[in-house]
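Please keep the sequence and the structure in view while going through the points.

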Amino acid sequence: MSITGAMFTGVSGLLANAEGLNVIGNNLSNSNTIGFKGGRMLFSDLLSAPIGNNSQVGRGVQIQKVDNLFSQGSLESTTVVTDLAIQGDKFFSFAVPGTTAAAAIAVTDAYYSRAGALRIDSNNRSLINPDGYVALDENRQPVVFMPTYTDTSGNVLDFQKVAGVDAQGRLQLLYADNNGNSSKVYYAGNGVIPVPTTTGAIGLGTARIPNPPGLEKVGSTLFKSTGNAVGGSGTPIVTRSNGTNEKILSNNLELSNVDMATEMVKMILTQRAYSANSKTITTADEMTQEVLNLKR
């Protein structure tokens, strides 16, 4: 390998470590993002060049993969009932904004997230995230509330709010009128009359992803399935949380899983590696200059 080759080896190191710093910077910038999952850069060596006597010289480094890390983030307590966190490894499932039809959303079309800062939309009908994506229930249908409910006394009550969410993601709803009549009932599905007890209640849909690192980031702390291709996420399975080893925690939000101390250490190491690779280039340049100085 020539001295010029050493320069290109150094260049490959500069480019790879610059991208590595981008990953670290993205992690740090999202250290306060609800439900964010950090990433890490993996490197691999380039094809080595044979130099005889069954020996090889490396030609540099390349980016192998950026892995998403799905460890559980810390939980933050809030005063909002529809602030939800998942204890376990499942994901909330969502449909695109504006989806209200009582039809199951294909798992390949759904979006998945660990961020559970949910709220009622402006029409007082759907359960959405801050970007308008509609939460799905265990049947993969959009969570859309009935506007009215008739109680056992025949009073027609209007939907008011989500009054509670249990560990299985079953939604307790409050209906009331202007005469002081009210009822707390449970969500039973899109277009279905709410039920008075948890019997027949429908829970929020939480997805089990066979290979979470294979998910595709699409922004806004959302992911999409990449299917069963090699290295893909696999086919998501959407069900209700079981309430034991998989729980939905109301009045809680999952924080970013980024550890700032770890990222700062990685930044120092990346900076030193970048400096070392730039030194490779300047040293190769000085050696080239020495060759040129042979003829004066």
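The points below go from the whole chain to single residues.

1. Basis of the note. This is a predicted model, in which local features need pLDDT of at least 70 and side-chain atom pairs count only at pLDDT 80 or more, while totals for chains, interfaces and linings use all residues. Residues are numbered from 1 along each chain as its sequence is written, and side-chain values use heavy atoms, with hydrogens and water left out.

2. Overall form. The protein chain contains two helices and 22 strands; helices (H or I, at least four residues) and strands (E, at least two) are DSSP runs, numbered from the N terminus. Its radius of gyration is 27 Å, well over the 19 Å that the globule rule gives for 296 residues, so the chain is more spread out than a compact globule. This radius is taken over C-alpha atoms, and the globule rule is 2.2 Å times the number of residues to the power 0.38. Along the principal axes, the C-alpha atoms fill a box of roughly 105 × 35 × 35 Å.

3. Of the 296 residues, 43% count as buried. Buried means under 20% relative accessible area, exposed over 50%, and partly exposed in between (1.4 Å probe, protein chains only). Among the contacts with a separation of 6 or more, 64% come from residues 24 or more positions apart; contact means heavy atoms within 4.5 Å.

4. The nonpolar cores. A nonpolar core is a set of buried Ala, Val, Leu, Ile, Met, Phe, Trp, Tyr and Cys residues joined through side-chain atoms within 4.5 Å. The largest one has 25 residues, of which Phe145, Leu171 and Leu173 touch the most other members. Strands S6 (83–87), S7 (91–95), S14 (156–165) and S15 each supply at least two residues of this core, and its largest share, four residues, comes from S14. Apart from this core lies another, of 12 residues, among them Ile105, Tyr112, Leu136 and Ile209.

5. Leaving aside neighbours within four places in sequence, leucine 173 is in contact with residues including Phe145, Phe159, Val162 and Tyr187. Valine 165 lies in strand S14 and counts as buried, at 12% relative accessibility.

6. Aromatic pairs. The structure holds eight aromatic pairs. Rings of Phe, Tyr and Trp (its six-membered ring) pair if their centres lie within 6.5 Å; planes under 30 degrees apart count as stacked, over 60 as edge-to-face and the rest as tilted. Tyrosine 111 and tyrosine 133 form an edge-to-face pair, 5.2 Å centre to centre with 65 degrees between the planes. This pair links distant parts of the chain, 22 residues apart: tyrosine 111 is in strand S8 (residues 111–113), and tyrosine 133 is in the loop between strand S11 (127–128) and strand S12 (134–135). Tyrosine 111 is buried because its relative accessible area is 15%, and tyrosine 133 is buried at 18%.

7. Tyrosine 149 and tyrosine 175 form a tilted pair, 5.7 Å centre to centre with 45 degrees between the planes. Here strand S13 (residues 148–150) holds tyrosine 149 and strand S15 (residues 171–176) holds tyrosine 175, 26 residues apart. Both tyrosine 149 and tyrosine 175 are buried. One aromatic cluster is formed by Phe145, Tyr149, Phe159, Tyr175 and Tyr187.

8. Glutamate 254. Is this residue buried or exposed? Glutamate 254 is buried, with a relative accessible area of 0%, and lies in strand S22 (residues 252–254). Its side chain makes polar contacts with the side chains of lysine 37, at 2.5 Å, and arginine 114, at 2.9 Å. A polar contact is a pair of N or O atoms within 3.5 Å; within protein, one must be able to donate a hydrogen and the other to accept it, and residues adjacent in sequence count only if both atoms are side-chain atoms.

9. Positive phi values. Arginine 140, a residue other than glycine, has a positive phi near 65 degrees. Arginine 140 is found in the loop between S12 and S13 and is partly exposed, with a relative accessible area of 28%. Threonine 221 is not a glycine either, yet has a positive phi of about 55 degrees; threonine 221 is found in the loop between strand S18 (216–219) and strand S19 (222–224).
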